[in-house]
Amino acid sequence: MTTLILRTTARLLITLLLLFSIFLLLRGHDNPGGGFTGGLVAAAAWTLYTIAYGTKLSRHALRVNPRSLTAAGLATGLSSGLVSSFAAQPLFTGLWFELRIGSRDILHLGTPLLFDIGVYMVVLGTALTIIFAFEEEQ
Amino acid sequence: MGTTWVPELNINLSFALDGLSAIFALLITVLGTIVVVYAGPYFENHRDLGRFYVLLLSFMASMLGLVLSDNVILLYIFWELTTFTSFLLIGFENENKEARKNAWQAILVTTAGGLALLAGLLLLGRIGGSYEISTLLANGSTIRDHHLQLPTLILILIGAFTKSAQFPFHFWLPNAMVAPTPVSAYLHSATMVKAGIYLLARFFPIFGNTETWFYVVSTTGVLTMLTGSFMALKQTDLKLLLAYMTIMALGALTLLLGIGNKEAITAAVVFLIAHALYKGALFLVAGSVEHETGTRDVLKLGGLFRKMRLTTLAAVLGAASMAGLPPLLGFIGKELIYKAGLSLAGAASIIFVIIAVVSKATATGVSAILAFEGFFGVPTIAIENVKEVSPGMWLGPCFLGLLSLGFTLFPGFLQDLIIAPAVSAMTGTAANGIGLTHGFELSTPLMLSILSVGLGLMIYSVWRRLLQPLLNRLEPWIHSWGPAAFYNHSVAALMNFARFQTRILQNGNLRSYLMRVFITIGGLTGFTTLYYSSISWPQELPDIAFFVWGILVLIPIGAISAVLATSVLMAVTSLGVVGYAIALVFVFYGAPDLALTQFLVETLTIVLVALLAMRLPDEYDYPLSSMTLVQDAGIAIGFGTVMALVLLTVLKFPFDPYLSNYFAQNSLSSGNGRNIVNVILVDFRAVDTWGEITVLAMSGLGAFALIKFVKGRAISE
């Protein structure tokens, strides 16, 4: 399946898909998107890369073992929920703070975003665990 | 003193110290210190010494918590913690199959009793109106008059009896002797097995004077005493001898608490201390002997007094106290037991005295076996190279022996500071004139003592040649008819049943798993839907735009195409059409998030299955019989029909906008986001989502394992 056409288009598409996945992740709180869909798009990007270039290069590009990514995602999600307990709030209470950028723009940052990043990592990690395993069996 | 923990469930971290818990707390800390010191040289160079100390100290903390709790639920939690740490300590040598098996036996028997205890404690709290022990003790008469008093008492007794190895639950205790000897000394003679005794003593003021209590508790005590005495005489292993003597002692304590007059309670308290001192010392001595000679068989041992003088001193003091010889605490304990028996009236007194004399005679016999066979006599093994153990290992046992001697020579301290408060905590009366300081006048108890010592020496004189071989003949009978056999049969039956149902339910055929899942879900849902609500066709069809109709037509086309497909890839792609069409419907009805997710999941599913399909032959290579086809079609159509019926039923009910309005209103104000779906996922229901991603991660790992871990092949990463 590693044809020249696929390889060439894949390179272009992957960049766009990954950017799009991060876009989905970050806009998710106010507009359609979020960690789950973002993670799925990222998984699709990586799957495309895997089909075009093989698992060896794909693993190399990911740099971490997908199972470690899954575990790190779970830990990130959990720790985002634990933060609130240090502020004497019930577990998984969203905590927010505002970052003033320039004179006019305010950036809302909060533990739910961290949680969504955790979801993103778990979805990507799980999908890649399975896909790599399948591909390597052939 | 205390603080709330789970106030909704009446669980408080409340602790209380009275005379009774003080005795136990002292035994736990003093013996704990000695065992900690002893274990260092005993486990010298053992690779798991660190684990041992972690477990031992965890046990000590749990046991202290148990005797100091003032809340019944808290007490139960500590109770189970001691069971659990005991399990880990019995199985300490976890590479030994026997150790693992016996650890399981201990935890199964004691947790079974523990569950009964939990039920009993909950009932007690319910009828006593409080879960605080101090309040319950004040409400004794309310509890006694309640109609649920009997089940409460029985459940609590089952808990106490399993923990304290009472007949017929005694068999786990000798098996627990596979534990390292310091563990046996600490948990299985001095402290943990006394937890049941503690529980009986704790609730003695509530139940102590009822008729049920008297008959059940004292009968159990008698049976346990006799079992312990009888079984002890056939053992030749030092630890097993001591273990059965522990069972006997626990039976004696139970019997005394069952009788429950002031003499008996005093005797119980004194004997409790005496037993902990001498049994702890003797177990440690047994450990030292095995450590130096490599055997625990009394028939092989002998002459050790020349080599191990200080250990012999501890052994002799311990054995003399167990035999009830003056001037040791065991003597006073025994005298008090006889006194308690003589304080009864009529036949009960005679029965009691006979049983007491028999068991005390056995104790004397066993003491003589331990001391003479072990330390004097002629060994059958080479003992030239045996040397005295290091100070850490003789210090503790000697200290315990001397403590026993000191308490007897200067009884005032023990009586005023330790025994009197405990007796008054249990009987509610001031305990004056306990009579530790009685002289050596020729009283009836003293004569009974002399009688039992004489009988004990007779037992010893015939033991080696006659009694032990004779009792050993009974072994097969006990093996096939004792309570342990019942336990073994039950466990075997459970395992067989587990194997049987695994064979039936988990036969490894994916098709039959799916079939069962669909039939179960469809059957139950269909039944509920048809039984509880009537089905009616909607009166009017909603107004659907013509292009949506176009999409809707795609769904059945995809489904039919999937059914008729002749290859896996074709079937999967057809199902993909169904999924995309549904996603489009979501788009038109204002659920962009759902649509987005649906699109992505469909895409990834198709890619995954396509990857899989490349490994499979393109055509279905196994012909399905027409029978199977009909069956599968039936299940599929049935399941689809049920789902349609459920949807029709749901449509009949008016849509309740409460939740969606709530989320719409609060999403921005409390969740700081405008996308309601996402705010629900990451904020309002973040715990659920975390659970879901955990499931996702686990299923990913499961799939990984299924693909990678093929039998007989190394994993390549």
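These legends walk through a few close-up views of a predicted model.

Local features here need pLDDT of at least 70 and side-chain atom pairs count only at pLDDT 80 or more, while totals for chains, interfaces and linings use all residues. Residues are numbered from 1 along each chain as its sequence is written, and chains are lettered from A in the order in which they are written.

View 1. Helices (H or I, at least four residues) and strands (E, at least two) are DSSP runs, numbered from the N terminus. Along the sequence the pattern reads α-α-α-α-β-β-α. The C-alpha trace spans about 55 × 35 × 25 Å along its principal axes.

**View 2. Here chain A meets chain B, with 41 residues from chain A and 37 residues from chain B in the contact.** Two residues are in contact if their C-beta atoms, placed from the backbone, lie within 7 Å. On the chain A side, H5(A) gives the largest share, 14 residues.

**View 3. Look inside the largest nonpolar core, which has 168 residues.** Such a core is a set of buried Ala, Val, Leu, Ile, Met, Phe, Trp, Tyr and Cys residues joined through C-beta atoms within 7 Å; buried means that 20 or more other C-beta atoms, placed from the backbone, lie within 10 Å of a residue's own. Leu256(B) and Leu282(B) touch the most other members. Helix H14 (residues 262–293) of chain B supplies the largest share, 20 residues. Domain 1 (1–207) and domain 2 (210–473) of chain B both contribute, so this core lies between them; the domain bounds come from an automatic or database domain assignment.

Methods: A residue is buried if 20 or more other C-beta atoms lie within 10 Å of its own, exposed if 12 or fewer, and partly exposed in between; C-beta atoms are placed from the backbone.
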